[in-house]
Amino acid sequence: MARRGRQALFFLLPMLILVVAFYILPLVLTAWISFTPLTNWRVRDQLVDFVGLENYVNLYYLARYDPDFHKVLQTTLVFVVLTLFINVVGGLVLAILTYLIDERISLGYRLLWLLPRMTPLAVFGLLWYYFFYGGPQGTLNSFFLKMGIIDEPMRWGTDPAMLPYSAWAIIVFVNGLVGVSYGMIIFYSAFKNIPRELIIAARVDGAKTWEVIRHILVPIVRWHIVFVTVWQLLSLITSYTHLFVLVQWSVVDKWYGTTLALYVFNTAFFDVKNQGFAAAAAVILVIIGSILGLLTLRIMRFSQMISPPRGDI
Amino acid sequence: MGEGIGEGGPLVRGTMGIVIILALLLASLPIIMTYSTLVMTSFANTIVSSPWVKFRFTLENWRLFLEGKLAPTAGIVYTPEDILRFILNTGIVAGGVTLVVLAASVTSAYAFSRMNFFMRSGMMKLLILLHAFPGVALIVGVYAIYVFLNNYIPRDYSIYYSFIFVIIARASLEIPMAIWILKGFFDRVPWELEWATIVDGGSRLTALRTAVLPLVKPGIAAVAIFAFLAGWEDLIYVLVFLPPQEKTLATYIESQLGSGSLETTYLPVVAAAGTLYLIPTIIFFVVTQRLLLETMSGGLKG
Amino acid sequence: MVEVRLEGVTKRFGRVTAVNSVNLVFGDGEFTALLGPSGSGKSTILYLVAGIYKPSEGRIYFGDRDVTDLMPNERNIGLVFQNYALYPHMTVYDNIAFPLKLRRTPPEVIRDKVLEVAKFLHISELLDRYPAQLSGGQQQRVALARALVKEPEVLLLDEPLSNLDALLRIKIRSELKRIQKELGVTAIYVTHDQSEALAMADKVVVINRGVIQQEAPPDTIYNEPRNVFVASFIGSPPSNIFPATMDYTEEPCINLPGGTRHCVEEEYAGVLWRMKPSKVIVGFRPEHAEIVENPVDGRPVIVGEVYTVEPLGRENIVTVASEDIHLKVITPPEVRPEAGELVYVAVERGKLMLFDPQTEINLKYIAREWSQGG
């Protein structure tokens, strides 16, 4: 037993070192920093100063009184709920449609919809920069000008007249395009596991396409829908990179394009560089994330995925 | 036509099938349009944002970009930048991330698939949780470590330190998923093959090397590609950890569009940068399409 | 070669006991078949001998050597898996050479040995191919060659023929036996196919639920099954087994289905007198009975109605229903009674088997143990 334990440790060691150094230790540090006045990364002087719960109290006051922070919280809520809806329902619709059509065309569409997920962040941001560009050359402006819907080019994500809805629409749309492929892939592969005879039998019994979708396809992925919903919820609450680009490049308004996760990032690294305060907000995110993560594990049927090894070697 | 539903082929055919295909095309229009805007603009003298934009075909953008004449500061006066350096930096980060991810995930995935040890299932659960962890909470702590350690690095080596740190830190983010994907591939190798090697006189390590690894090559390839693309596409870590003069393609594009730089930015040149930046992604994408789709869904069988 | 001995070996997987305190000797140079239904623990025993599993209790010996704690690579065994486990990325030559390479055998020696074993197994012309290019039978030979090339002391075979089609199975079965005898290697052969076990083995070990049911030469297994399980597992179709009441007024007699009575032969009488069970379990093989029109000559006879007749060409299988009991009888092709016809089933003299209803052990064996005990 001891020999086998050592053997396993040997195999796991590189991973364990990285996990401790880049997950466990940073998490502990983040929690620690949330009780310090750390600003501008002056780690040598400020990392051992303690301010107690001051950062958390500030967070509370900000949440009560600061209009910008209100915008951030509203945006977080709207962004998470709407994008989640798009990701799950859109993913399901895409999976069903691509499942029904000819395999080769389906592969093309699935790859096309996977493209945003694989595209480098900066390039994806660039695409939407051109698309929502405020000048007449911007894609959206040029279309609407041509069709006569607008008379002069609009600054879609930042024009105060359209805020907050236009900024929200843009961040939900752009992130939805990335997120929708996850559900599509999971649902599609679940459909592919359905024995074809099942569908043929239903067809022989006279079921219309719509009935096949309603009575066979959707019920079969019920569990997957729950899984994708929780997993995407988690990832939407904690993701910030795409929003960072949109806000940084002024595609959308600063506050109506910022969610809590991005707020933490900008507070720590760009705006006020107040890491103590950012860490306090991050701890809140960690707590929410942990609860959702544990929930995901519960519904993931984890025990089925990890079977005990065979043999006693 | 004469083919029945039981013989393979689409489940929906005829008018309905065409309607679905067209509906999907309509839904895909934003994707198609934005990507073609990018690529067309890189060969044009203006932003080719819609089909009726009049533009002139030119290689000027690519020439300016590759010569490093990225941003005209006043009129047509350029301060050339070392664009090859940017590309090289991007490649160094991507390659480094790939190596670190492979080094840390292959043996671990094997252990999770094939060995029994204390807290095996608990550790696997932890890895899945870590994969979903708020990255923003991590990066604050990771940067604190970076700053702290930086005090002990001689100034001359500081640049190496930055690169190594960003590579390892970025790779760590990919490790949980890499292990999970690879574990799936290891799970599919029959136990008997490994036993055969051990019965024939090999050790566990020999069995891994000679009997198992050759069979999980597709998995290793998939993980390597994902890791490479993750390093290749990274913006945030490079932006935070590398000094401003050490740009990658991502931070170059960021610097062109970021606040305060817009007056000097010539968008078609940025489009050339973006197109070049997209090429490796597209290549991997086309070459490994099926492997990619299967691997992405492979983490979840149930 | 070597004798393999299991002493009090138990293997538990969590709460499941796969092998329960087994004592077993595989004779030096003998061909032993481990026979049992799936999940009986027969493969587990094989993997325990191989060292892939470690026993929860008990010891395993190769001759005088205690190998219980040795790794498989320290045991000098050859193992052929059910799915052959050929390395798909190596050619046939490399597959066979692999065990020798692991032992750091000089390349010239490897070459000679591989060519020799390939010739012996008639696969010389396949050496450059990859496993995926071979038929099932060819893969099976390559797997065997890989197991034999290192000249193992013990050859372990885990259902090696089960992935082959029926015709090939019969062909390879006799060949396998010839090879084993020629090499004189101690062989342990796991199978769920009784005809394979009976045809090939010097000794058959019947296993069920991790417990040894009987350990004997093939003809003993067939003619004198030790208990109800062995009787019903061996044979095709399997033995007819049914309960019956006893009557001891003058001598021990069985009340057979359909109302007839049969007074038992000498060898059972003694033990029945001593035990006086009110019920017994009766069994006989379908091939040891015939359909007769008139009951004569003191043979055990069961009265019943013909239920179905299955003509198989060489013979017919007639199912006779008698008091809810269905009996199968193998008849010559010309005997073809009509369904519903009233018939008598006569069992060959001395072929009726009687089992203790509690332990399900053949009363013959109980009698023998008694006579041996005193």
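Helices, as named on this tour, are DSSP runs of H or I with at least four residues, numbered from the N terminus. The model on screen is a predicted one.

**Stop 1: a cavity in chain C**

Select α4 (136-148) and α5 (166-183) of chain C; each of these helices supplies at least two residues of the lining of the second largest cavity. The space inside the second largest cavity is about 50 Å³. To show its whole lining, pick C:Leu121, C:Gln140, C:Arg141, C:Leu144, C:Ile172, C:Glu175, C:Leu176 and C:Ile179. Which helix gives the largest share of this lining? That is α5(C), with 4 residues. Colour the lining by class and you will find 5 nonpolar, 1 polar and 2 charged residues. The count of cavities of 30 Å³ or more comes to 6.

**Stop 2: chain B as a whole**

Chain B has 302 residues, and 57% of them count as buried. Its secondary structure comprises 13 helices and 2 strands. Take the contacts in chain B between residues at least 6 apart in sequence: 64% of these join residues at least 24 apart.

**Stop 3: helix α11 of chain B**

Select residues 249-257 of chain B, which make up helix α11. How many of its 9 residues are buried? The number is 8, and the helix is mostly covered. Buried residues of α11(B) include B:Leu249, B:Ala250, B:Thr251 and B:Tyr252. Further along the helix, B:Ile253, B:Glu254, B:Gln256 and B:Leu257 are buried too.

**Stop 4**

Helix α10(B) makes the largest contribution to the lining, with 4 residues. By class, the lining divides into 15 nonpolar, 5 polar and 5 charged residues.

**Stop 5: where chain B meets chain C**

Bring chain C back beside chain B. The contact between them involves 17 residues of chain B and 20 residues of chain C. Together the two chains bury about 1,600 Å², with 70% of that area on carbon and sulfur atoms. On the chain B side, select B:Trp195, B:Val199 and B:Asp200: these lose the most area to chain C, together 41% of what that side buries.

**Stop 6: a serine in chain A**

Finish in chain A, on helix α7 (residues 139-147), and select A:Ser142 within it. Is A:Ser142 buried or exposed? A:Ser142 has a relative accessible area of 8%, so it counts as buried, the cut-off being under 20%. Leaving aside residues up to four places away in sequence, A:Ser142 touches A:Pro136 in chain A, and B:Ser49, B:Ser50 and B:Trp52 in chain B.

Methods
Residues are numbered from 1 along each chain as its sequence is written. Chains are lettered from A and ligands numbered from 1 in the order in which they are written. This is a predicted model: local features need pLDDT of at least 70, side-chain atom pairs count only at pLDDT 80 or more; totals for chains, interfaces and linings use all residues. Side-chain values use heavy atoms; hydrogens and water are left out. On a 1 Å grid over the protein atoms alone, a cavity is a set of points where a 1.4 Å probe fits but cannot get out, and a pocket is an open set with protein on both sides within 12 Å along at least five of seven lines; lining residues have an atom within 4 Å of a point. Grid points are joined across faces, edges and corners, and a volume is the space filled by probe spheres set on the points. Ala, Val, Leu, Ile, Met, Phe, Trp, Tyr, Cys and Pro count as nonpolar, Asp, Glu, Lys and Arg as charged, and the others, Gly among them, as polar. Buried means under 20% relative accessible area, exposed over 50%, partly exposed in between (1.4 Å probe, protein chains only). Contact means heavy atoms within 4.5 Å. Buried area is the accessible area (1.4 Å probe) that two parts lose on being put together, summed over both.
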